[in-house]
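Reader: I am new to this structure and would like to understand the terms applied to it. Please set each one against its definition.

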Amino acid sequence: MKRIGLISDTHGYLDDAVFKHFENCDEIWHAGDFGNIALADKLAAFKPLKGVYGNIDGLDIRSVYPEKLRFTCEGVNVYMIHIGGYPPKYNTAVKKELTADPPQLFICGHSHILKVMFDDKLQCLHMNPGAAGNQGWHKVRTLIRFVIDGSNMKDCEIIELGGRVLTS
């Protein structure tokens, strides 16, 4: 069994509350737009970190994290990419990959819209944790926490961090 903390679109801002919410997680997964390598390093020092780079990430992030990541966690085939869309409105390139080899769990970020939904056609769970940073049009910063137990994904929790914060 693995407890996963899912985050995206931090854009260089990491709320200290993330560490409290992810303290019982086994791994953190970041779905892109870290903002800077210092933020990624801080998360990686706290818990094992898997992540992909996003469209705003520079070479510091892109040299460490791939554009897309395909892996197995417990018994679940996972595909993570920053820009992916959602069922049935996937990004065109992603849709081809999903159709050719459907994962059981598809994770993306980018939209700043929190979504957890099942794609009946692909038999795939889609997750987008929304945005945890201050940049963007979202009003509430969000995270997801869930459990993968064998081939089961369960105990999904949506965490609201509050509104965007002014930083100096």
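**Contacts, cores and salt bridges**

Author: Leaving aside neighbours within four places in sequence, valine 18 is in contact with Ile7, Leu43, Leu143 and Leu161, where contact means heavy atoms within 4.5 Å. This is a predicted model, in which local features need pLDDT of at least 70 and side-chain atom pairs count only at pLDDT 80 or more, while totals for chains, interfaces and linings use all residues. Residues are numbered from 1 along each chain as its sequence is written, and side-chain values use heavy atoms, with hydrogens and water left out.

Reader: What makes a set of residues a nonpolar core, and which members of the largest one touch the most others?

Author: A nonpolar core is a set of buried Ala, Val, Leu, Ile, Met, Phe, Trp, Tyr and Cys residues joined through side-chain atoms within 4.5 Å. The largest one has 19 residues, and Ile7, Val18, Leu43 and Leu143 touch the most other members. At least two residues of this core come from each of α1 (17-21), α2 (37-46) and β12 (152-163); helices (H or I, at least four residues) and strands (E, at least two) are DSSP runs, numbered from the N terminus. The largest share, three residues, is supplied by α2. A second, separate core of 17 residues includes Leu6, Trp29, Cys73 and Leu105.

Reader: Why is the pair of lysine 50 and glutamate 27 called a salt bridge?

Author: A salt bridge requires a side-chain nitrogen of Lys or Arg within 4 Å of a carboxyl oxygen of Asp or Glu. Between lysine 50 and glutamate 27 the N to O distance is 3.4 Å, and therefore the pair meets the definition. The two residues are 23 residues apart, lysine 50 in strand β3 (residues 49-51) and glutamate 27 in strand β2 (residues 27-30). Lys2, Glu27 and Lys50 are linked in a network of salt bridges.

Reader: Why is glutamate 27 called buried, and why is lysine 50 called partly exposed?

Author: Buried means under 20% relative accessible area, exposed over 50%, and partly exposed in between (1.4 Å probe, protein chains only). Glutamate 27 has 7% and is therefore buried. Lysine 50 has 26%, so lysine 50 counts as partly exposed.

Reader: How many salt bridges does the whole structure hold?

Author: The search finds eight. Among them, glutamate 157 and arginine 145 meet at 3.0 Å, N to O. Glutamate 157 lies in strand β12 and arginine 145 in strand β11 (residues 140-149), 12 residues apart. With a relative accessible area of 36%, glutamate 157 is partly exposed, and arginine 145, at 22%, is also partly exposed.

Reader: What makes β3 and β12 edge strands?

Author: Two strands pair if DSSP finds at least two bridges between them. The open sheet of five strands runs in the order β3-β2-β1-β11-β12, with mixed pairing. Both β3 and β12 have a single partner strand, so one side of each is left without a neighbour in the sheet. The twist averages 20° from one strand to the next.

How values were computed: Axes are lines fitted to C-alpha atoms, for helices over the stretch in contact, and angles run from 0 to 180 degrees between N-to-C directions.
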